[in-house]
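Visitor: I have a structure to read. Please take me through it, feature by feature.
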Amino acid sequence: MEKCHQCGGLIKKVVGSVTLEGITINDLVFEECQQCHEQYFDEKTSIFI
Ligand SMILES: [Zn+2]
């Protein structure tokens with residue numbers, strides 16, 4: 001299990017919608033810190049965005 005780079009909290013995989021630069025993407029799988037809610041995206045998602 002990876003840990004958050006910001007706070008060292010646990011990162012959990014979640015499915016949800018994300019809004020980036022005014023564009024909303026639904027049903028996106030990403031990882032979110034349970035402590036500070038920092039969101040992490042994998043490389044494929046980053047390219048897509
Ligand atoms: Zn965190």
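Predicted model: local features only at pLDDT ≥ 70, side-chain atom pairs only at ≥ 80, totals over all residues.

Guide: Residues are numbered from 1 along each chain as its sequence is written.

Visitor: In what order do the elements of the protein chain run from the N terminus on?

Guide: Helices (H or I, at least four residues) and strands (E, at least two) are DSSP runs, numbered from the N terminus. Here the order is β-β-β-α. That gives the protein chain 1 helix and 3 strands.

Visitor: What order do the strands of the open sheet have?

Guide: Strands of a sheet pair through backbone hydrogen bonds, either parallel or antiparallel. Two strands count as paired if DSSP finds at least two bridges between them. In this open sheet the order is β1-β2-β3, with antiparallel pairing. β1 (11-20) and β3 (39-40) stand at the edges with a single partner strand each, so one side of each has no neighbour in the sheet.

Visitor: How many bridges join β1 to β2?

Guide: There are 9, and the two strands run antiparallel. I11 has C33 in β2 as its bridge partner. The hairpin of β1 and β2 has 2 residues between the strands, and E21 takes a positive phi near 50 degrees.

Visitor: How many bridges join β2 to β3?

Guide: 2 bridges join β2 (residues 23-33) to β3. E32 has Q39 in β3 as its bridge partner.

Visitor: How many of the 10 residues of β1 are buried?

Guide: Count other C-beta atoms, placed from the backbone, within 10 Å of a residue's own: 20 or more means buried, 12 or fewer exposed, in between partly exposed. For β1 the number buried is 0, so the strand lies largely in the open. Across the protein chain, buried residues make up 2% of the 49 residues.
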